[in-house]
Amino acid sequence: MTTAAPAATMRTAVLTQPGSIVVESRPVPTPGPDEVVIEVRSVGVCGSDTHYYDHGRIGDHVVTGPLVLGHESAGVIVAVGADVDPARVGEHVAIEPGVPCRSCAQCLSGHYNLCPDMVFHATPPVDGTLAEYVTHHAAFAFALPDSVSLDEGAMLEPLSVGIWACRRAGVAPGVRVLVIGAGPVGQLAAQVATAFGASEVVVADVNAHRLSVASSLGATEVVDVSTTSLSQAYAGRPGPDVVLECSGHEGSTQAAIRVAAPAARVVLIGMGGDTVALPLGDVQNRELWVTGVFRYANTWPTAIGLVASGRVTLGPLATGHFELEETEAALTAARTDPESIKSIIHPVRAGGSRSPAR
């Protein structure tokens, strides 16, 4: 390690049991030869964090002991391992939270998001980034240009989900896209679809404020499905060539499939129940292509480029800022505030009290 972190201990927000976060002191981690130590400045709250907080599990991933949440992260490199260029100290970086084995069949074929030995932040038993410092493999800490803030760097993770979904769906110039769900990933998937050249991007939700944000960020049309059904919205017009289902709601998934154009691509992004009923008659009769997405691969350079160029806007999505001690409030903000989209937690703030801005 070429330089030392400024203290021997650090604050860490720990999920001790469902519904309980305790801020405790832990040793500052020491990097391995190919790792960096990152002072964590911004961590976005994901729905998976809230689900672990509420239920202590997501599917087969079960919290069996104390767990640090957080995987949407950015910060500043303060130390490096022996095999890492010491010039990287001081870099502002966004963290790709999963480190694959890089030697299995999936990794070698380019599908490293499907690596069976993936080590991913805040997926039990791996601790996440709601701590003042974390270590991470240097190759998965991406330098940010001066034009991209650390809050934006943290949001590159959900942006990567949108990028991966659009790639899987084959979004290209001239394609008509329907996005179901105007939460953080839906907002970002819609912007990516526009950046990839889609001729039409329709966003559907029941939250009027989120639909207003989607419209302000470039959606060509929004549909409030609490008052207008998708079948009504698409009556007398071509259906979407691509459906990006971000809500995880079974009824919305079914309705979207029913309005999709023949040979459309339907990508399931939102996670609802483990089992969802699909209208297979529509899938078969119109040869629809239905798939899911699992995380992402090779998306961070694209994400950084989209934000740095202004083709994707992240700032309006950060609707709440919280201290580490306010982690529980950040995890539950959306329950009481209908205008909440993305909460950002700041384990360390810049300059002592640490402002979240660059």
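Colleague: Why is C115 called buried?

Modeller: Its relative accessible area is 6%. Buried means under 20%, exposed over 50%, and partly exposed in between, using a 1.4 Å probe and protein chains only. So C115 counts as buried at 6%. This is a predicted model, where local features need pLDDT of at least 70, side-chain atom pairs count only at pLDDT 80 or more, and totals for chains, interfaces and linings use all residues. Residues are numbered from 1 along each chain as its sequence is written, and side-chain values use heavy atoms, with hydrogens and water left out.

Colleague: What makes C246 buried or exposed?

Modeller: Its relative accessibility is 16%, so C246 counts as buried.

Colleague: How do you know that F142 and W300 form a stacked pair?

Modeller: Two numbers decide it. Rings of Phe, Tyr and Trp (its six-membered ring) pair if their centres lie within 6.5 Å; planes under 30 degrees apart are stacked, over 60 edge-to-face, and the rest tilted. F142 and W300 are 6.3 Å centre to centre, with 20° between the planes. That makes the pair stacked. The two residues sit 158 residues apart, F142 in strand β12 (residues 141–143) and W300 in helix α10 (residues 300–308). Helices (H or I, at least four residues) and strands (E, at least two) are DSSP runs, numbered from the N terminus. F142 and W300 are both buried.

Colleague: What kind of pair do Y296 and W300 form?

Modeller: An edge-to-face one. The centres are 5.1 Å apart and the planes stand at 70°. Y296 is buried, as is W300. Ring pairs join F142, Y296 and W300 into a cluster. The structure holds three aromatic pairs.

Colleague: How do you know that the charged end of R295 sits over the ring of F120?

Modeller: The rule asks for NZ of Lys or CZ of Arg within 6 Å of the ring centre and within 35 degrees of the ring normal. R295 meets the rule over F120, at 3.7 Å from the ring centre. R237 does likewise over Y234, at 4.6 Å.

Colleague: What else stands out about R295?

Modeller: Its phi is near 60°, a positive value in a residue other than glycine. Most residues other than glycine have a negative phi, and most peptide bonds are trans. R295 lies in the loop between β18 (289–292) and α10. At 19% relative accessible area, R295 is buried.

Colleague: Where is A263, and what is its phi?

Modeller: A263 is in the loop between α8 (250–259) and β17 (265–268). Its phi is positive, about 65°, although A263 is not a glycine. Its relative accessibility is 45%, so A263 counts as partly exposed.

Colleague: What is omega for the bond joining P124 and P125?

Modeller: About 5°, and the peptide bond is cis. P125 is found in the loop between β10 (119–120) and β11.

Colleague: What makes a space a cavity rather than a pocket?

Modeller: On a 1 Å grid over the protein atoms alone, a cavity is a set of points where a 1.4 Å probe fits but cannot get out; a pocket is an open set with protein on both sides within 12 Å along at least five of seven lines; lining residues have an atom within 4 Å of a point. Points are joined across faces, edges and corners, and a volume is the space filled by probe spheres set on them. The structure has two cavities of 30 Å³ or more. Helix α5 (residues 184–195) gives the largest share of its lining, four residues.

Colleague: Which residues line the second largest cavity?

Modeller: E96, G98, Y112, N113, M118, F120, R295 and Y296. The volume of this cavity is about 30 Å³.

Colleague: How big is the second largest pocket, and which residues are closest to its centre?

Modeller: Its volume is about 300 Å³. Of the 19 lining residues, H121, D127, G128, V134 and T135 are closest to the centre. β11 gives the most to this lining, with five residues.
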